[in-house]
Amino acid sequence: MINALTVRGLCKSFAKPIINQLDLTIAPGEIYALLGPNGAGKTTTLRMIAGLLKPDAGSIEVFGTDVLTAPLTAKAMMAWLPDEPLLYDKLSALEYLEFVAGLWQVEPAIAATRAETLLETFGLWQHRHQRCEGFSRGMKQKTVLAGALIHTPKLFILDEPLTGLDAAAAKLVKSILTQCAAEGAAIIITTHILEVAERLATRIGILSGGNLLAQGSFAELQTAAGQHADTSLEDVFLHLTTRADV
Amino acid sequence: MFKPASFAWLLAHEINLLWRGSILLRTSKYVLVPVIAVSVIFQVVALLIVKYLQSPTLSQAILILIANINLIFLSGLMLSRAMTSTIDVLYSRGDADVLLASPIKPISILAVRMIGVAASVAAPWLLLAAALANALAIFGNPQALATYIIIPMLAALVTAIAFLSVVSLVARSGPAKARLFSHSIALFIGVFIFALGQAPRYIAPASLRTLWQAFMPTATNINAAIWLPARAFLGEFIPAALFCAVSILIFWLVLITRARQFADGTISAAAYGSGPAGRRGSGAFRQHPFATTILKNLRLLLRFPGLVTQTTYRSLTLVPVTMILTGHFTIGTGPSVVIPLLVFLAGQLALFFISIIVGSDQSPDLLASAPVAPQTGHRAAYAAASYASLVVMALPVLGVLFRAGQMLPALLAAMAGSILSNLLLGRRFPIPLLRPAFGKTQTGTVFGLILGVSASSFWAFIAWLAVTPTPF
């Protein structure tokens, strides 16, 4: 079976090396949580996968399509959600969805139906004509999530997607992501809320100083860290990252 | 250097932030040298004017008339700038909440903000007036140096009026309406100055004489209070002292009466609510990325605060153009005069619109992450800005078609060049604009403005050469 995402030997430096020889594969239907302390290189990795940043070395393939040589084909399959919502304050929620659907060339009738469904799902239908500048952080986050879902991507690249969401909205997003994964989409997600990674992710990768310290299921990480079965992900994470610092 | 949380410390902080955020600093490598050169040129020109064009001694009444006209223009322009600066500084910085949450007295915060605005309002005029004042002082009129006091005092006065208006208006109607109000004042002042400059053409000589006499004292009322500002402007000691006292008093009164309203949170970025619902046209999903991006750009353009007032302000050139085309006004070689004006205007509008689109593009990464060619965003921005420029220019172009059809090809060719040059320049170097929303960063620079004006002037000159039978 073809991988949803294959990263091989990825390297990126700015003033200093940010990512060193990163190898990563994600299968369709998998939710992969990329964890790491601040400055570990998580967002840089995601930006390279999304085609927004050119790597110094290495390759990235999305469902067999090389992101560097065929970026438009690869981008058509992806949805990118940065930690700061990509919104236009002067556009309404519905106008934003129109714009995103147009960029991904979703057939207008289908886009209109999906927009209505998504806005209803996220509780934004009654706000659809309001400009985003008046939205709370949570409403903005829900609007960009609706934008990501409107073109039914096969690979979600989500940088801190639960930031600003209330408990009900966070639960809703987690259930939507689980459903998307069940339908065959692959999801790579970063989060600082380790409980989310523990419960949501099928596999977890821990990045520190640009190096992938460990990856696998939660149980595999516990073993890798030499911890007991009842140890929390927080303990495993701190153990691995502290050991790497030393 | 100063005791933390003291007034001086806060003032130093404010000045530091104003300087770091100033257009001058952001484009210093391009602008500082020309600014110094222009200042030196001003000074030399002022010296030459005063040395060689010294008019015969004017009566006190005529001097007061001249001072009054200058004061009207200066006060109006300063008030316009102070209104927009007040709103811009208070809301776009977004640190009012932080400062008000600190143990610093609200009156100190307000005072520092007002001084910052007054300084920014006074600076450009002081730069201009100081050249003339220096020259006058060198050639035996030391009282002209009063300019160094009077202009800052006038700036303090108009700043106090601006803060009073804005704080009160925000408390009643919200910041969006307050900003609209300031734009309207700016527009009104632009129209007023233009109309006043054209007054001799419209007003009968007798009426014009009456108008000028209204700004001029008679022998019996020359000591009346109404002439004090003009006499202060001319450097008379007691009127100048009184003018300073009144300015400081009004500044202080605004401070003590509005500090509470300011502190109560009326001036807060958070108070800025969302705009009206964008129902019209919503739900029109399009499948083509280029079309959908143009539509997005046009929406952002239409929702730019001050679009109408600033477009109207820039389009004042169309007033004489229309009058020439309709035969109500004759100048030079007739309709051929309007061609360069229209070419210049088209370029300036294109520059203005592309700068808005560039400044409003908050999420370039969204387009970059989409499966569209990298040039799509640029082309859509050019298309939207061109469309908006052509909409404004359509009627004048039709006017040329009917009145001087033979000049149309030259007009269209030069307009195309002017629009295209400004679009290409404006996307890379947008002009400074009011921020599209409170809290957003200014992206434009003076360098963009200089480039755009140069490009528009070049194409206007080409058009003039093309339509003028014997240009030299």
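A salt bridge here is a side-chain nitrogen of Lys or Arg within 4 Å of a carboxyl oxygen of Asp or Glu. This is a predicted model, where local features need pLDDT of at least 70, side-chain atom pairs count only at pLDDT 80 or more, and totals for chains, interfaces and linings use all residues. Residues are numbered from 1 along each chain as its sequence is written, chains are lettered from A in the order in which they are written, and side-chain values use heavy atoms, with hydrogens and water left out.

Q: Which residue of chain A forms a salt bridge with B:Asp365?
A: The closest N and O atoms of this pair are 2.7 Å apart. The partner is A:Arg47.

Q: What area do chain B and chain A bury between them?
A: Buried area is the accessible area (1.4 Å probe) that two parts lose on being put together, summed over both. Of the total here, 61% is on carbon and sulfur atoms. In chain B, the residues that lose the most are B:Phe285, B:Leu366 and B:Pro371, together 23% of what that side buries. The total comes to about 3,500 Å².

Q: How many residues of chain B are in contact with chain A?
A: Contact means heavy atoms within 4.5 Å. On the chain A side, 37 residues take part. For chain B, the number is 41.

Q: Which residue of chain B is among those nearest the centre of the largest cavity?
A: A cavity is a set of points on a 1 Å grid over the protein atoms alone where a 1.4 Å probe fits but cannot get out, and its lining residues have an atom within 4 Å of a point. The largest one holds about 90 Å³ of space, the volume being that filled by probe spheres set on the points, which are joined across faces, edges and corners. It is lined by 13 residues, and those nearest its centre include A:Trp80, A:Tyr96 and, from chain B, B:Leu366.

Methods: On a 1 Å grid over the protein atoms alone, a cavity is a set of points where a 1.4 Å probe fits but cannot get out, and a pocket is an open set with protein on both sides within 12 Å along at least five of seven lines; lining residues have an atom within 4 Å of a point.
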